[in-house]
Amino acid sequence: MSFDQYWKDLKRKLKELNGLKEDIESTMITELQPRKKLKEEVRIWLDRVEEMNGDVQGLDGRIGESSALTRGFHTEDVSRMIREVEELTNQRRQFHGGLVVDNTQWIGQVLSTTSLSGDVVKACVEEIWQCMMDDEVRKIGVWGMGGVGKTSIMKLINNQLLKETAKFDIVIWITVSKE
């Protein structure tokens with residue numbers, strides 16, 4: 001192939017790679033939620049794509065400064081970059097299981113609570129706690145009108161569970177919206 005064909009091939013493959021990068025960034029927006037973080041392999045891949053864009057831009061500047069006779073000397077650089085772009089494209093296809101993982105900094109965190117008082121609250125907390133400690137109980141539902149303290153009670157339970165190391169290895173608080 002002539003130098004111009006190599007150069008066009010590199011530009012085409014780089015455009016495809018940047019399309020994949022844009023797709024990843026769009027997917028990241030939907031997958032990155034509170035208590036999630038970007039996988040390290042994805043972050044490294046995105047950084048490498050940015051470096052590749054910079055390298056091609058730098059090479060483009062050097063080629064622009066070259067005369068028609070010396071442009072061919074850059075053929076090996078272009079060929080190497082084509083291989084690197086292809087490698088990055090193939091690596092993208094290996095991101096199994098999504099782009100994000102749980103952020104372990106959020107696992108087992110004590111939640112701030114308001115002070116709750118009253119016999120009814122204590123009875124609710126005690127009833128939920130007994131269910132949590134009962135190996136026969138598989139599910140617990142907490143329901144009621146908005147603003148009665150369901151979340152506050154469950155935050156108290158969460159904080160108590162963090163202290164109960166003999167029964168629970170990990171305690172994770174997850175907020176689920178109505179939608």
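Buried means under 20% relative accessible area, exposed over 50%, and partly exposed in between (1.4 Å probe, protein chains only). The structure is a predicted model, in which local features need pLDDT of at least 70 and side-chain atom pairs count only at pLDDT 80 or more, while totals for chains, interfaces and linings use all residues. Residues are numbered from 1 along each chain as its sequence is written, and side-chain values use heavy atoms, leaving out hydrogens and water.

**View 1. Ile174 in the segment after helix 5.** Ile174 is exposed, at 63% relative accessible area. Ile174 lies in the segment that follows helix 5 (150-163); helices are DSSP runs of H or I with at least four residues, strands are runs of E with at least two, and both are numbered from the N terminus.

**View 2. Cys124 and Cys131.** A disulfide is a pair of cysteine sulfur atoms within 2.5 Å, and the count here is zero. The cysteine sulfur closest to that of Cys124 belongs to Cys131 and is 11 Å away, so the two are too far apart for a bond. Cys124 is partly exposed, with 30% relative accessibility. Cys131 is also partly exposed, at 27%.

**View 3. The whole chain.** The protein has five helices and two strands, in the order α-β-α-α-β-α-α along the sequence. The C-alpha trace spans about 90 × 30 × 25 Å along its principal axes. Of the 179 residues, 27% count as buried. Among contacts (heavy atoms within 4.5 Å) between residues at least 6 apart in sequence, 79% join residues at least 24 apart.
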